[in-house]
Amino acid sequence: MLFCLASILMSASCDDKPSSDQIMNAKQEQLAKELNAQTGMPTVTNGTMKKQLKMIIEECDKEKLICYAYIIPEMTGKPVFLGKCMGYGIPYATQYTNPQKIARESQYGIAVLPQADPDGLFKPGSADGTWLLLIDPATGEPHPVFCEPKVLVTPFKL
């Protein structure tokens, strides 16, 4: 650790003293290296969580997936049936396109700017709310419904 600090201090001229952030970054990097050397990587032999995530992604990708949506009122905490829906719902802040675009690249770095979705709107980085494609019980047709309370969506009725 002292070696890193010394090398930073020696490489800097009298006018270019390392900032407190640079000193702390060097210390933090050295500590992370020491901890990694002491602990190593976890021994993962089955990849169970990765297999489960793969299954979740594949289930969510089913085109005709019918689920059941419930809102959960804060006062009672008990699920209230909202209706049948297609899929699991989409968080409001999800964007169709990349939320950022490269505005300029130079030898000094990259300048990134926000990018609007195809509708011309800029979505927030995070937001409460979920879009559901609720199925009209009378017609069987799906319609987008925006829901701000907490939503629970399951592939079976509760």
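**Close-up views of a predicted model**

Asp119 is partly exposed, with a relative accessible area of 49%. We start our tour at this residue, and please keep in mind throughout that the model is predicted.

**View A. Asp117, Asp119 and Lys123 form a network of salt bridges.** Lys123 is the residue to look for here, as it is linked to Asp119 by a salt bridge whose closest N and O atoms lie 3.7 Å apart. Lys123 also forms a salt bridge with Asp117, and there the closest N and O atoms are 3.6 Å apart. Is Asp117 buried or exposed? Asp117 counts as buried because its relative accessibility is 7%, and buried means under 20%. Asp119, by contrast, is partly exposed at 49%.

**View B. Lys62 and Glu59 are joined by a salt bridge.** The closest N and O atoms of this pair are 3.0 Å apart. Lys62 has a relative accessible area of 45%, so this residue is partly exposed. Glu59 counts as partly exposed too, with a relative accessibility of 30%. How many salt bridges does the count come to? The count for the model is four salt bridges, among them the Lys62 and Glu59 pair shown here.

**View C. Leu53, Ile56 and Ile57 make a nonpolar surface patch.** The patch made by these side chains covers about 300 Å². Leu53 has its place in helix H3, which spans residues 48-60. At 48% relative accessibility, Leu53 counts as partly exposed. As background for a view of a helix, an α-helix has 3.6 residues a turn, so residues three or four places apart point the same way.

**View D. Helix H2 runs over residues 20-39.** The 20 residues of this helix reach 28 Å from the first C-alpha to the last. That span is close to the 28 Å expected at 1.5 Å a residue. Which residue sits just after H2 with a positive phi? Look for Gly40, where phi is about 70°.

**View E. Strands S3 and S4 are joined by a hairpin.** Strand S3 covers residues 100-106 and strand S4 covers residues 109-114. The two strands run antiparallel, with six bridges between them. Two residues carry the chain from S3 to S4.

**View F. Five strands build an open sheet.** Reading across the sheet, the order is S6-S5-S2-S1-S7, and the pairing is antiparallel. S6 (142-147) and S7 (151-154) are the edge strands, each pairing on one side only. On average, neighbouring strands of this sheet are turned by 45° against each other, with direction ignored. In general, strands of a sheet pair through backbone hydrogen bonds.

**View G. Strands S2 and S5 pair within the sheet, and Ile135 lies in S5.** S2 (residues 80-91) and S5 (residues 130-135) run antiparallel and are joined by four bridges. What is the bridge partner of Ile90 in S5? That partner is Trp131. Ile135, also found in S5, is buried, with a relative accessible area of 18%. Ile135 and Tyr70 are 65 residues apart along the chain, and their C-alpha atoms are separated by 13 Å.

Key. Residues numbered from 1 in each chain as written. Predicted model: local features only at pLDDT ≥ 70, side-chain atom pairs only at ≥ 80, totals over all residues. Heavy atoms only, no water. Pairing = 2+ DSSP bridges. Expected span 1.5 Å × (residues − 1). Axes fitted to C-alpha atoms, helices over the stretch in contact; angles between N-to-C directions. Patch = residues over 30% accessible without salt bridge, like charges linked within 9 Å, V, L, I, M, F, W, Y side chains within 5 Å. Areas by Shrake-Rupley, 256 points an atom, 1.4 Å probe, with all protein chains shown as cover. Buried < 20%, exposed > 50% of the residue type's maximum accessible area, 1.4 Å probe, protein only.
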